[in-house]
Amino acid sequence: MNHLLRGHAPLSDSNWKLLDEEARERLHGPLAARRLVDFSGPHGWEHSATNLGRVDKVTPPNGKGVTALRRQVLPLVELRADFAISRAELRDDDRGAVDVDLLALDEAARRIALSENVAVFHGWAKAGIGGIAESSPIKAGKLGRNVEDYPRSVARAVDAIRQGGVEGPFALALGPDEYTRVIETAEHGGYPLFDHLAKILDGPIVWSPGLKGAVVLSLRGGDFLFESGQDLAIGYDSHDGESVYLYLEESFSFVVATPEAAAPLKS
Amino acid sequence: MGFDQYHEPPEELPAETRTFARLSASLEEEAQAIGWYQQRLAVEPDAEARAIMEDAQGEEFKHFSMDLEFLLRRTPRWRAIAKGVLFQDGDIVEHGEAAEAASEEGGDGDVEGSAGPGDGSLGIGSLKGENQ
């Protein structure tokens, strides 16, 4: 048994299968950042830091004629979203119920996915993580008030990235409001805006909860590095007569290797 | 073209099982090639020819390792047992028996009924290139 202590939870195999499948399903859509960046790992719960390949000078402990350097690393961060499931509901699952109440799990999945997206797109200063949008040296363009302006804004963002020598294919990450505007819009003549943008990008348009505005970024690889220690998992905390207290957890770091491979867009 | 890696009608197998079978066949071929190069190197007196074969065998080591890692990632119990056996000092058979027993008890966070990998995670990993 590992640190998740799943073997101690008063859950049947059927309960675990139900919870794991529900979590996978609920996380798959909102985990937008993972659709766009390079993913390394999972390297395990014990993995604590990402090698940055850089050093700081430090004073040697004693003696002359010796130089000393200290390696720089980026510590992994842990995200955890707690939730509780009714034991009565889990017993109903064992009886074959198909409408088990898993709303608390769904909400926890939404919270942790949102946090991961925010860390990757906008950064997490206290954790030493720089976000894709905030790290870009390219001045944030405007998406425009009207969705008809989006193709021009996106094309300019693609051009700005190319001017820096970074090739595509490119992707467009859109905040939920902006995404909705795109998919509900057909341009003059009925050509879907979604398809027009996809042609400009030669890549996907990704619904990205947690993102403010939009970001165009290259998918060529090697520019944005997500390092996973423990990938998203459900662990066991405790239980009483009424509920089982569980959590969704992961550990990761994120490094922007090529800031100019992305261009932010404001709404 | 042969389809010897299948022991059941391919059309009845799910896509992921067909992929698994292809990689299993590839693993077998790489292991066979490693063995062949080992034999050739044992008898080849020409240094230049040996250097080429050593280089080629190195490629097979890499291919075998990549195939194995893929299969382990897709097979939680196999991965859990392999973690108890590979890269460990000491008695290989003892490690194997202990790792097998631990996997039967749901060790390493691998709970029966869960489709996740051996670390107890949901196995989501990278979603790059996947449709939303």
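This tour moves through a predicted model, from whole chains to single residues.

**Before selecting anything**

In this predicted model, local features need pLDDT of at least 70 and side-chain atom pairs count only at pLDDT 80 or more, while totals for chains, interfaces and linings use all residues. Residues are numbered from 1 along each chain as its sequence is written, and chains are lettered from A and ligands numbered from 1 in the order in which they are written.

**Stop 1: chain A**

Select chain A, whose C-alpha trace spans about 75 × 60 × 25 Å along its principal axes. Chain A holds seven helices and twelve strands; helices (H or I, at least four residues) and strands (E, at least two) are DSSP runs, numbered from the N terminus. Of its 267 residues, 41% are buried. A residue is buried if 20 or more other C-beta atoms lie within 10 Å of its own, exposed if 12 or fewer, and partly exposed in between, with C-beta atoms placed from the backbone. Among the contacts in chain A with a separation of 6 or more, 77% join residues 24 or more positions apart; two residues are in contact if their C-beta atoms, placed from the backbone, lie within 7 Å.

**Stop 2: strand S6 of chain A**

Select residues 170-174 of chain A, which form strand S6. All five of these residues are buried, so the strand is largely enclosed by the rest of the structure. Phe170(A), Leu172(A) and Leu174(A) lie on one side, and Ala171(A) and Ala173(A) on the other.

Two strands pair if DSSP finds at least two bridges between them. Which residues stand opposite Leu172(A) in S8(A) and in S7(A)? They are Val216(A) in S8(A) and Ile205(A) in S7(A).

**Stop 3: the nonpolar core**

In soluble globular proteins, nonpolar side chains tend to be buried together. The largest nonpolar core here has 75 residues. Such a core is a set of buried Ala, Val, Leu, Ile, Met, Phe, Trp, Tyr and Cys residues joined through C-beta atoms within 7 Å. Among the residues with the most contacts inside this core are Ile132(A), Leu172(A) and Leu217(A). Select Leu217(A): not counting residues up to four places away in sequence, Leu217(A) touches Leu36(A), Ile132(A), Phe170(A), Ala171(A), Ala261(A) and Ala262(A).

**Stop 4: two helices of chain A**

Select helix H1 (residues 13-28) and helix H2 (residues 87-95) of chain A, whose axes come within 9 Å and cross at roughly 105°. Axes are lines fitted to C-alpha atoms, for helices over the stretch in contact, and angles run from 0 to 180 degrees between N-to-C directions. H1(A) is therefore roughly perpendicular to H2(A); angles under 35 degrees count as roughly parallel, over 145 as roughly antiparallel, 65 to 115 as roughly perpendicular and the rest as oblique. Ser14(A), Asn15(A) and Leu18(A) in H1(A) meet Leu90(A), Asp93(A) and Asp94(A) in H2(A).

**Stop 5: chain B**

Finally, select chain B, which has four helices and zero strands. Of its 132 residues, 19% are buried. The axes of its helices H2 (residues 47-74) and H3 (residues 76-85) come within 5 Å and cross at roughly 120°, so H2(B) is oblique to H3(B). Leu71(B), Leu72(B) and Arg73(B) of H2(B) make this contact with Trp78(B), Arg79(B) and Ala82(B) of H3(B).
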